[in-house]
Amino acid sequence: MALSIVLDHRTVYGPEAAFGALAPLRAIVQDVAGRAGVSGVTLLQGARQESDLLFRDEFCLYASQGMDYRPVLSRPEREWAARTGRVQDHLDGLNMQAKFRLCGSQAMVTQVTARLLDGGVLLSQIDGEGY
């Protein structure tokens, strides 16, 4: 199953709100992992700081099993060798045949949807939830 999840919880205030936004997408990853394995799943997760990457240990475990886990920090507290900026700027290399699940600010969902459509993804492949 090819599935790309783009999640940005930088704009969610408080850990409870961030958890509420991430929990349904985490459940999707867990379900896919339990049924077919995580190979073919990409998770692009945006956060302000490294400490804001909820479920990071779990997602790193899935990455060791084949999931493509791409954390992005907008304001790293210290040196961060991985992706920085906004998730919208890190869509290169995604499988454009995948089903896309988007969750984050309405602006992020709108921008990612537009970039995916410009890249040839069909609207029927995209399911987005903005807040």
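pLDDT is the predictor's confidence in each residue, on a scale from 0 to 100. I start there since what I am showing is a predicted model, in which local features need a pLDDT of at least 70 and side-chain atom pairs count only at pLDDT 80 or more, while totals for chains, interfaces and linings use all residues. Residues are numbered from 1 along each chain as its sequence is written, and side-chain values use heavy atoms, with hydrogens and water left out.

Confidence, then. The chain has a mean pLDDT of 83, and 87% of its residues reach 70 or more. By element, strand E1 has the lowest confidence, with a mean of 70, and helix H2 the highest, at 93. Residues 10-17 have a pLDDT below 50, and beyond near neighbours in sequence this stretch makes twelve contacts in the model; a contact means heavy atoms within 4.5 Å. Where pLDDT is low, the predicted coordinates should not be read in detail.

Next, the layout. The chain has three helices and six strands. Helices (H or I, at least four residues) and strands (E, at least two) are DSSP runs, numbered from the N terminus. In order from the N terminus, the elements read β-α-β-α-β-β-β-α-β. Of the contacts between residues at least 6 apart in sequence, 70% join residues at least 24 apart. The chain has 131 residues, and 40% of them count as buried. Buried is under 20% relative accessible area, exposed is over 50%, and partly exposed is in between, with a 1.4 Å probe and protein chains only.

Now the interior. A nonpolar core here is a set of buried Ala, Val, Leu, Ile, Met, Phe, Trp, Tyr and Cys residues joined through side-chain atoms within 4.5 Å. The largest one has 18 residues, of which Phe 59 and Met 67 touch the most other members. Two or more residues come from each of strand E1 (3-8), helix H1 (15-35), strand E2 (41-47), helix H2 (56-64) and strand E3 (68-73). H1 gives the largest share, four residues. What does Met 67 contact, leaving aside neighbours within four places in sequence? The partners are Val 29, Val 38, Val 41, Leu 43, Phe 59 and Tyr 62. Apart from this core lies another, of 15 residues, including Leu 94, Leu 102, Val 121 and Ile 126.

On to helix H3, residues 106-118. Its 13 residues reach 18 Å from first C-alpha to last, close to the 18 Å expected at 1.5 Å a residue; the expected span is 1.5 Å times one less than the number of residues. Met 108, Val 109, Val 112, Thr 113 and Leu 116 of H3 are buried. Seen down the axis, the buried residues of H3 fall within an arc of 125 degrees, so they line one face of the helix. That arc is taken over the directions from the helix axis to the C-beta atoms. After H3 comes Gly 120, with a positive phi near 100 degrees.

There is also a positive phi in a residue other than glycine: Phe 55, near 60 degrees. Phe 55 sits in the loop between E2 and H2. For context, most residues other than glycine have a negative phi.

Last, the charged pairs. The whole structure has eight salt bridges, a salt bridge being a side-chain nitrogen of Lys or Arg within 4 Å of a carboxyl oxygen of Asp or Glu. One of them joins the side chains of Arg 26 and Glu 58, at 2.8 Å, N to O. Arg 26 is in helix H1 and Glu 58 in helix H2, so this pair ties together parts that are 32 residues apart in sequence. Arg 26 is partly exposed at 21% relative accessibility, whereas Glu 58 is buried at 18%.

Asp 31 and Arg 35 form another salt bridge, at 3.0 Å, N to O. Both lie in H1, four residues apart, about one turn of the helix. Asp 31 is partly exposed at 40%, and Arg 35 is exposed at 59%.

Asp 89 and Arg 115 also meet in a salt bridge, at 3.2 Å, N to O. Asp 89 is in the loop between strand E4 (83-84) and strand E5 (99-104) and Arg 115 in H3, so the pair ties together parts 26 residues apart in sequence. Salt bridges that share partners also join Glu 50, Arg 56 and Arg 78 into one network.
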